[in-house]
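Here is a short briefing on one protein model, arranged by topic. Please look over the sequence and the structure before reading on.

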Amino acid sequence: SEQNVANAVYSLALLDFRHEGLLNAAAADILCRVGDFTVQGLANLLYAFALLSFRHEASLEAMCTCASTRIPELGEQSLTISLYSLGRLRFFHRDLLSSMKTSLAAPLPCAASTGGDASTG
């Protein structure tokens, strides 16, 4: 299942074990069924790829394209993990970053509830 793929790649990252064969097989599987992954699964995969410095262009493109259409599902944690991962991989995906920018432009919960600016202490 897609959850097993995400868990396996994330486990490799936690072990700091970069196995090219397994990572390439996972990347191929991601390409075949990227739309079946949960947004959390996509975020975890991006994070695992980043931890392992594994830059598989085609699977990164597919994951980012899929995630860019599902921004409302991401939630703050998955969104920030994904953004961090893209930065660490130095992978620029215009559509996903544009969608993230729009999502992050909304007032933070703290600022919205107090009527203040989140940048001021």
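What percentage of the 121 residues in the protein chain do buried residues make up? The share is 37%, where buried means under 20% relative accessible area, exposed means over 50%, and partly exposed lies in between (1.4 Å probe, protein chains only). This is a predicted model, in which local features need pLDDT of at least 70 and side-chain atom pairs count only at pLDDT 80 or more, while totals for chains, interfaces and linings use all residues. Residues are numbered from 1 along each chain as its sequence is written, and side-chain values use heavy atoms, with hydrogens and water left out.

**Overall fold**
- The protein chain contains seven helices and zero strands; these are DSSP runs numbered from the N terminus, with helices (H or I) of at least four residues and strands (E) of at least two.
- Of the contacts between residues at least 6 apart in sequence, 76% link residues at least 24 apart; contact means heavy atoms within 4.5 Å.

**Nonpolar core**
- The largest nonpolar core holds 34 residues, and Val9, Ile30, Phe49 and Met63 have the most contacts inside it; such a core is a set of buried Ala, Val, Leu, Ile, Met, Phe, Trp, Tyr and Cys residues joined through side-chain atoms within 4.5 Å.
- Helices giving two or more residues to this core include H1 (2-14), H2 (20-33) and H3 (39-51).
- H3 contributes the most to this core, with seven residues.
- Not counting residues up to four places away in sequence, Val9 touches Leu23, Ala26, Leu45, Ala48, Phe49 and Leu52.

**H2 against H4**
- The axes of H2 and H4 come within 9 Å and cross at roughly 35 degrees; axes are lines fitted to C-alpha atoms, for helices over the stretch in contact, with angles from 0 to 180 degrees between N-to-C directions.
- On the H2 side, Ala27, Ile30 and Leu31 meet Ala58, Ser59, Ala62 and Met63 of H4.

**Asn24**
- Asn24 lies in helix H2 and counts as partly exposed because its relative accessibility is 36%.
- Asn24 touches Phe54 and His56, not counting residues up to four places away in sequence.
- Asn24 and Ser59 are 35 residues apart in sequence and 9.5 Å apart in space, C-alpha to C-alpha.
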